[in-house]
Amino acid sequence: MTNLQIAYLGPEASFTHLATQALFPTDCLLPIRTIPECIEMVSNGQVEVAVVPLENALEGTVPLTIDYLFHEAEVNVIAEILSPIAQHLMVHPNNSEKWEKISTIYSHPHALAQCHKYLYYRFGKVPLEQSSSTAAAAKYVSERADECIAAIANTSAAAEYDLKIVEHNIHDFHFNHTRFFVLSKKKRCIETKGHNGQVKTTVMITLPKDDRSGALHQVLSVFAWRQLNLSKIESRPLKTGLGQYFFIIDVLEDEKAPMMIGAIEELKALGCEVKSLGSYYTYETKAEVPSE
């Protein structure tokens, strides 16, 4: 796969940008403002591939990504990228000597949550403002040299927008990683060097409408007796009423494997609605090197 047009959650130097560059170093990368716009672009055929954040090890799933894939778009996951995340506090160089007096801190909601302890104890009275991405926050701060404000973002964002990192690694826990989905209109699986060798399939399941007791147990039993290993199960509201959910399940098997084909057929026979997002490999990127 070469010379692709790839949409990603921007702007440049966002964590999604870094993950996309790692897997597609020679392709045409297009920064897009929001997750729904990224997914719509690949769904409508405006680009061949889109990369969006899916889940963070500290803050969990990105609801907007999952909900849009379930309710709005018919696209396939063709790979996932696992990237280490390091958060840093940065200011405009003009304010590097007075950064401890910052009036507002900007970042993506997940990044703010990942740094909750630091922000609470270090800047407990400073307002926090949400941005569409960490890089967007850095860009915003770079354009306001006369305001003593800060952004939380990565080292690439600091370099891209000429900001000064004043506090490194302010995230609350050491193991901070994010999963990114690589999406395509075509059902295919990227298989290049560097994947972990384990095929994974993501399915979205809606339980039978008759609300019978033990329905979720029946669903899990479909995988259990076939010895299909589940690496994740999570529920999300169906948006049709309280107590109504769909389930996102990651299965460590190819959807074309006989046992998976049988599992999906049995789920449908039970009255479940099943939407497979496809089978894919995981690619891991290297940790960033903090710039001093």
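In the predicted model, Leu216, Leu220 and Ile233 form a nonpolar surface patch of about 200 Å². Of these residues, isoleucine 233 belongs to strand S13, which spans residues 230–237. Isoleucine 233 has a relative accessibility of 40% and is therefore classed as partly exposed.

A pair of packed helices is described by the distance and the angle between the two axes. For helix H2 (residues 35–43) and helix H3 (residues 63–71), the axes approach within 10 Å and cross at roughly 35°. The crossing of H2 past H3 is right-handed. On the H2 side, the contact involves Ile35, Pro36, Ile39 and Glu40, while H3 contributes Leu64, Thr65, Tyr68 and Leu69.

Threonine 20 is part of helix H1, which covers residues 15–23. The relative accessible area of threonine 20 is 0%, so this residue is buried, the limit for that class being under 20%. When neighbours within four places in sequence are set aside, the contacts of threonine 20 are Ile6, Tyr8, Leu29, Val51 and Ile81.

Technical notes:
Residues numbered from 1 in each chain as written. Predicted model: local features only at pLDDT ≥ 70, side-chain atom pairs only at ≥ 80, totals over all residues. Heavy atoms only, no water. Patch = residues over 30% accessible without salt bridge, like charges linked within 9 Å, V, L, I, M, F, W, Y side chains within 5 Å. Areas by Shrake-Rupley, 256 points an atom, 1.4 Å probe, with all protein chains shown as cover. Salt bridge = Lys/Arg side-chain N within 4 Å of Asp/Glu carboxyl O. Helix = DSSP H or I, 4+ residues; strand = E, 2+ residues; numbered from the N terminus. Buried < 20%, exposed > 50% of the residue type's maximum accessible area, 1.4 Å probe, protein only. Axes fitted to C-alpha atoms, helices over the stretch in contact; angles between N-to-C directions. Left-handed = near helix turned anticlockwise from the far one by under 90°. Contact = heavy atoms within 4.5 Å.
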